[in-house]
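Keep the structure in view as you read.

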Amino acid sequence: MATIFSRIAAGEIPSYKVAEDDRFFAFLDINPVAPGHVLVIPKHEESYIFNLDDEEYAAFTLFAKRVAAALEKAMPCKRIGVCVIGLEVPHAHIHLVPLNSEADMDFRKPKLTLPDEQMKEIASRIAAEFK
Ligand code: 5GP
């Protein structure tokens, strides 16, 4: 059965998309740890990031780097934090989070639920910066 993230990349489930190419897809985390929290995924279904072959892993992280550059321009922050957890959704993904303090990347804190309009506005700002 397709993972929820495969279904998002295929457009079967709506998402706040920020970037896409033929192999990778980036969208806002539905329950962000900080505003602008982005998930980057390969369209190819693989549950564990470190099972990707070397070529796909390298291309994936380079795509995430381009998304991080767009995120940094779109969201006021000191740095973009990056992490891989993957305990919840069994589809490889990289978390990118705009950071103003280390606490912004504390996944133990209650997650945010932002209004639809704000999510749309953040996604379109990031998408506009993606090169
Ligand atoms: P992890 O697997 O890295 O522990 O966490 C998965 C992340 O995916 C969580 O931060 C969660 O909020 C996010 N997530 C889970 N389901 C959905 C979904 O259907 N749409 C979006 N946009 N994010 C999701």
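## The largest pocket

α1 gives the most to the lining of the largest pocket, namely three residues. Both α1 and β2 supply at least two residues of this lining. Here, helices (H or I, at least four residues) and strands (E, at least two) are DSSP runs, numbered from the N terminus. A pocket is found on a 1 Å grid over the protein atoms alone: it is an open set of points where a 1.4 Å probe fits, with protein on both sides within 12 Å along at least five of seven lines, and lining residues have an atom within 4 Å of a point.

In total, 22 residues line the largest pocket, and Phe 5, Asp 29, Leu 39, Glu 88 and Val 89 lie nearest its centre. Sorted by class, this lining has 14 nonpolar, five polar and three charged residues. Gly counts as polar in this scheme.

## The model

This is a predicted model, where local features need pLDDT of at least 70 and side-chain atom pairs count only at pLDDT 80 or more, while totals for chains, interfaces and linings use all residues. Residues are numbered from 1 along each chain as its sequence is written, and side-chain values use heavy atoms, with hydrogens and water left out.

## The ligand and its shell

Where does the ligand sit? The ligand is in the largest pocket (more than half of its atoms lie within 2 Å of the grid points). α1 (4–9) and β2 (24–28) are the elements that give two or more residues to the shell around the ligand.

There are 17 residues around the ligand, with Asp 29, Gly 86, His 93, His 95 and Lys 111 coming nearest (a residue is near if one of its heavy atoms lies within 4 Å). The shell has ten nonpolar, four polar and three charged residues.

## Polar contacts

Look for pairs of N or O atoms within 3.5 Å. A ligand nitrogen is 2.9 Å from a polar backbone atom of Leu 28, and an oxygen of the ligand is 2.8 Å from one of Gly 86.

How values were computed:
A polar contact is a pair of N or O atoms within 3.5 Å; within protein, one must be able to donate a hydrogen and the other to accept it, and residues adjacent in sequence count only if both atoms are side-chain atoms.
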